[in-house]
Amino acid sequence: MTAVAYRSVRGMRDLVGADAALASHVGNTLIAVAQSFGYEEIRLPLIESAELFSRGVGEATDIVEKEMYTLSDRRGRQLALRPEGTASCARAMIEHGLLRGQPQRLWYAGPMFRYERQQRGRYRQFEQVGVEAFGIGGAAVEAELVQLANAAWRALGIHRHVSLEINTLGSGDARAAYRAALVDYLTPHVESLDADSRRRLTTNPLRILDSKVAATQRVLEGAPQLADFVDAPARAHFDALRALLDDLQVPYRVNARLVRGLDYYTDTVFEWSAGAIGAQDAVCAGGRYDGLVKRLGGAATPAAGFAIGVDRVALLCQEAEAEPARRPVDAYCAVLEERCMAWALAATQQLRELVPGLRLRLHTGGGKPAAQLRRADESGACWALIVGAQEVAENRIAVKWLRESRPQALMRVEELAVLLRTGAPVPERADAGGATGQAEQSASAANALAGN
RNA sequence: GUGGGCGUAGCUCAACAGGUAGAGCUCCGGAUUGUGGAUCCGGUGGUUGUGGGUUCGAGCCCCAUCGUCCACCCCA
């Protein structure tokens, strides 16, 4: 490898070509699905006060303890690059007084930052699309959130590659009581626990349940069950959610050990995972966080939401071979002689104005006709437009079909515009499963978003 | 933060037991003077990640460093 003077910073990456196209496809599709459920965009800053996260996400969480990018500004204020979106979202709701009237249903998209060791599916800057519903209690909105995520998987053609786990943490009080009971049980067994779990005994005991260390799991076999501490209303709430999911025929598994790593969750938590992408298999996680708004200084407000990891979903699309056909260009214009360039520049621009959304690339830099046609083919274009001295003399453009066998034609710009507007072939789409109507719809909505 | 694997052409990879680096793809040109995909021929392209060490001699061995991958951890 030749010595490169500058490289991207560790954990940060460039997405180029097909990777960039896939990431946008995933992001746009997720957004289109959120919008189809009536969720509205909220644009949030990348930088917040560090305290927002230590308060909101929790002082003892790994995110706050060791993964935050913190910085101080010129006045010494402690700031942080956002490690997640929910706390910002809640802060914005409180700050703008948006929780006084109707409930709010919001989506956001963008990069998050966590200082972690890089590995497949885990980068220090990563993309999330999140969905949050404020001011709505009850199981129905949680079922809607699950349904929304499920619709997203279908739209992307990866629904056969993800699985859903759900659990309930009970109310805040129940959780506190369980935490105390768990500590009481584990403390005599301290010697048998691994080092991490020992440390968590005082910082975040619930997370010990997640431990993969065999010895620790053995100790846990006799531990009190969170389910036994869940109070009757929370149990009824969870049962209601399960009934709704059953009716929707969304397959799921109840995992009593599922505990989110962020402190703000209460009652329902859920996580979609995809084993096909490796150890970092969580592609979407969320739940109810009724306590967060109050914790951040607002009025007690029920809320629920989730975030999807765009990078991981993109990875899964690759694994599942659910990548859309990449076709960055509709038409490619070859210019056979340099003296025709001014004419070609004008004609192609006229076409762009006559055909909204047309992606038309003009060949520059000369070269033989054969080489230019090869470029046209490689660009993925359906049509090659050819401009040479003859064409300019006749005030016409030669059109060659690259994807079907039809004789070449000679057309005026106006005729050509009609062809390019109406003759666009239906883009073939690899249907990775039973997703039919919905997938098509969402894909076209995503195209609309992308300005196609 | 911890452990392990791997860094050779733009990309994917070869190179025996240390003996002076090679292929496919890409790219450029030609066969085909204004018409793509196929085939054939030719060509460009390397301080072997970087720095040091051992050796007559290092892509190969040793040390350091950076990067990357996998796993732990954690999470989306």
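Predicted model: local features only at pLDDT ≥ 70, side-chain atom pairs only at ≥ 80, totals over all residues.

**The surface near RNA strand B**

Helix 14 provides the largest share of the surface near RNA strand B, namely seven residues.

**Make-up of the RNA surface**

- Around RNA strand B there are 51 residues, of which Arg200, Arg260, Gln280, Ala282 and Arg375 come nearest.
- By residue class, this surface near RNA strand B divides into 22 charged, 18 nonpolar and eleven polar residues.
- On the RNA side, 54% of the atoms of RNA strand B within 4 Å of the protein belong to sugar or phosphate, while the rest belong to bases.

- The side chain of Glu67 has an N or O atom 3.2 Å from a sugar or linking oxygen of RNA strand B.
- The elements that each give two or more residues to this surface are strand 6 (125–134), helix 7 (195–203), strand 10 (282–288), strand 11 (303–309), helix 14 (369–378), helix 15 (389–394) and strand 15 (397–401).

- Five strands form an open sheet in the order 13-12-14-15-16, with mixed pairing, and its edge strands, each pairing on one side only, are strand 13 (360–362) and strand 16 (409–411).
- From one strand to the next, the twist averages 25°.
- Strand 15 and strand 16 run antiparallel and are joined by three bridges, and Ile397 has Met411 in strand 16 as its bridge partner.
- Helix 13 (residues 341–354) packs on the sheet, where it touches strand 12 (331–335), strand 13, strand 14 (383–387) and strand 15, and its direction makes about 170° with that of strand 13.
- Helix 16 (residues 413–422) also packs on the sheet, touching strand 14, strand 15 and strand 16, with its direction at about 25° to that of strand 15.

**An enclosed helix**

- Helix 4 (residues 86–95) is largely enclosed by the rest of the structure, because seven of its ten residues are buried; these are Thr86, Ala87, Ser88, Cys89, Ala90, Ala92 and Met93.
- The buried residues of helix 4 pack against strand 2 (47–49), helix 2 (50–56), strand 5 (104–113), strand 6 and helix 11 (292–295).
- Just after helix 4, Gly97 takes a positive phi of about 60°.

Methods:
Residues numbered from 1 in each chain as written. Chains lettered and ligands numbered in written order. Heavy atoms only, no water. Near = heavy atom within 4 Å. Polar contact = N/O pair within 3.5 Å; in protein donor to acceptor, adjacent residues only side chain to side chain. Helix = DSSP H or I, 4+ residues; strand = E, 2+ residues; numbered from the N terminus. Nonpolar A, V, L, I, M, F, W, Y, C, P; charged D, E, K, R; others polar. Pairing = 2+ DSSP bridges. Axes fitted to C-alpha atoms, helices over the stretch in contact; angles between N-to-C directions. Contact = heavy atoms within 4.5 Å. Buried < 20%, exposed > 50% of the residue type's maximum accessible area, 1.4 Å probe, protein only.
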